[in-house]
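Morning, everyone. I have one structure for today, and I will go through it by local feature. Please have the sequence and the model open.

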Amino acid sequence: MDENDIHRWETTVNGPEKLRAVLTHDKYEPSLQVEAALSLIRMKPRQGRHVGFNILIEALTLVPAEARRPILSALIPTLTAELKRPPPLAAPPGQPPPEDPSYPYKDAAYALLSAEPPIVTEEAQQQSLKTALIDWSLADFERRFDNRRQTYGMEQLLRVMGASGVVGLPKLLTREARRLDQMSSLIAELGDAATKAEASRQLAGLAQWILSEDWLKEKKPELQRANEASKLAPTAEQFQAQLAQYQDEEFFRLLGSMRKLGGRPVVDLLLRIAADKTQGEKRRQAALAALEKQLDKSNPDDLRGIFEIVTSDPPDAVLDQAFRRIGELPRAEVANKLYGLFKTDKWKVRRAAAATLLKLSNVSHVDEFMSKLPGPRGFALPEAITYGALLGDLKEGSVLDALRPHFSSGSSSARTSALAYYFTFGTSEDASALAPFGSDPTRAPTCDADPDCSWRCEVLKEGSSEREQKEINTVGEFVRYCVEPAVRERNPEPKQGKNVGLEKTE
């Protein structure tokens, strides 16, 4: 029996078992055993299964460690040499991709490294295989990532390699890359701090390029050719809209990778985009959405940047996202800045600031919150309703016990906000408790600059089933015309060990 027999067995029906026998019997020379191992690696799949890899691992597991050492000493250098071969050149357009003969050797190297119980026990051999596998994956990452015929996928391989497996990926985050999202995910999951920082720099640079004039100049001819191929003839204005949409799509696609990876360069760039009034509303909103849980509470530039956005009179969608990001920061870091926004004459900004603050608060903060509310001039009805609902959701104490002192004392802004608790949470059982406040003569707040903030509630016309807008002039009228109708129409929930309405506690 010689090497010719071994090679022939790669294609015979009983060949796999004969090759197993060569590997496991000590009567054969190590050189023949190595050839048997390589034949099992090269063997074509049988009925869709790579039986050779399983037999190789099973056989080597049975070989005693001393007898296995010379086999591995010759086999591993052969595997690493095959993995270091340059990948095949890309096929011309319209041609099938060239065969890459390295996959069996990659799969075998991975199988040897991940076998349980361990087969490769010497650290130098383990490192040799790991280095060869990492270099192999980086040599032709995207084509090898996409290949579905390999036994062990690239993601599986790189996760076994850990941080060292992705250290080379940032340099592949280029303008031509098609797998930015997958590479970013792997770096975010496996990379060390330096790898993540470099990847963040790469992605930030890509985003800047996409939003640049250079990108528009490069993509304009591509879009023109696409239109010609589709027999489209847009006007100049339509073409510019197409190009802008194309640019947005590319930017939004990259934002998914930036969201996963984060990092200082990404955060700084996204804050600049969100603050840039020359950028479209959708871009600014998307940039803030991608900053989810990325702001650094200890970085004063982050806090200053996000608060500058909310005070710059941004579109509502941008404002909403900015406050969402603020709401992810610790209350102690943002409370004073949010209270500072209570002084603005823009009630929607104030409402968003107050809502963000209440979501970060608990029952112990009720008195503080009420004391910070602005005076009645310019205070909006939707503010009171919103604050009442959010106050009712506070935890760590009895909401009603904390609110009761504010039903009949303090500014009308505080009184209506406290009484608005019942607008959301009160039931018909609470009508009698509300009745005394229906005669409060305190002047209601006023907000005439914006019709959306005016103090009017819809009520039934006297003696009619029709409804009309009722001007609210006092706190008592707010209770009678706004709160009590909502309370009367809401039946109490069945009590199941938890009090509702007047006795609501959290």
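This is a predicted model: local features need pLDDT of at least 70, side-chain atom pairs count only at pLDDT 80 or more; totals for chains, interfaces and linings use all residues.

Disulfides. How many are there? The count comes to two disulfides, taking a pair of cysteine sulfur atoms within 2.5 Å as the rule. Counting bonded cysteines along the chain, the pattern is 1-2, 3-4.

One of the pairs is C447 with C453, where the sulfur atoms are 1.8 Å apart. Which hand does this disulfide have? The torsion about the S-S bond of C447 and C453 is about -95°, so this disulfide is left-handed. On accessibility, C447 has a relative accessible area of 5%, so C447 is buried.

The link of C457 and C482 is right-handed, with 105° about the S-S bond. This pair joins distant parts of the chain: C457 sits in strand β1, residues 456–460, and C482 sits in helix α26, residues 475–488, which puts the two cysteines 25 residues apart. Are these cysteines buried or exposed? C457 is buried, because its relative accessible area is 10%, and the cut-off for buried is under 20%. C482 counts as buried as well, at 4% relative accessibility.

Now the backbone. Where is the cis peptide bond? It runs from E116 to P117, with omega near 0°. P117 is in the loop between α6 (103–114) and α7 (123–139).

There are also residues with positive phi to look at. K293 is not a glycine, yet its phi is positive, at about 60°. You will find K293 in the loop between α16 (281–290) and α17 (300–310). With a relative accessible area of 68%, K293 is exposed.

E396 is another non-glycine residue with a positive phi, in this case about 65°. Its place is the loop between α22 (381–391) and α23 (399–407). E396 is exposed, with a relative accessible area of 64%.

Next, charge on the surface. Which residues form the negative patch? They are E176, E213, D214 and E218. Of these I will pick out E213, which lies in helix α13, residues 213–229. Why does E213 count as exposed? Its relative accessibility is 53%, and exposed means over 50%.

Last, two distances between C-alpha atoms. K346 counts as partly exposed, at 39% relative accessibility. From K346 to S398 is 52 residues along the chain, and their C-alpha atoms are separated by 32 Å.

For the second, go to G153, in the loop between α8 (141–146) and α9 (154–161). G153 is at 28% relative accessibility and counts as partly exposed. How far is the C-alpha atom of G153 from that of P376? The separation is 65 Å, for two residues that are 223 apart along the chain.

To recap the covalent part: two disulfides, with C447 and C453 left-handed and C457 and C482 right-handed. That is what I have.

How values were computed
Residues are numbered from 1 along each chain as its sequence is written. Side-chain values use heavy atoms; hydrogens and water are left out. Patches are made of residues with over 30% relative accessible area and no salt bridge: like charges are joined within 9 Å, nonpolar side chains (Val, Leu, Ile, Met, Phe, Trp, Tyr) within 5 Å. Accessible areas come from the Shrake-Rupley method with a 1.4 Å probe; for residues, only the protein chains shown count as cover. A salt bridge is a side-chain nitrogen of Lys or Arg within 4 Å of a carboxyl oxygen of Asp or Glu. Lys and Arg count as positive and Asp and Glu as negative; His and the chain ends are not counted. The place of a charge is taken as NZ of Lys, CZ of Arg, CG of Asp or CD of Glu. Helices (H or I, at least four residues) and strands (E, at least two) are DSSP runs, numbered from the N terminus. Buried means under 20% relative accessible area, exposed over 50%, partly exposed in between (1.4 Å probe, protein chains only).
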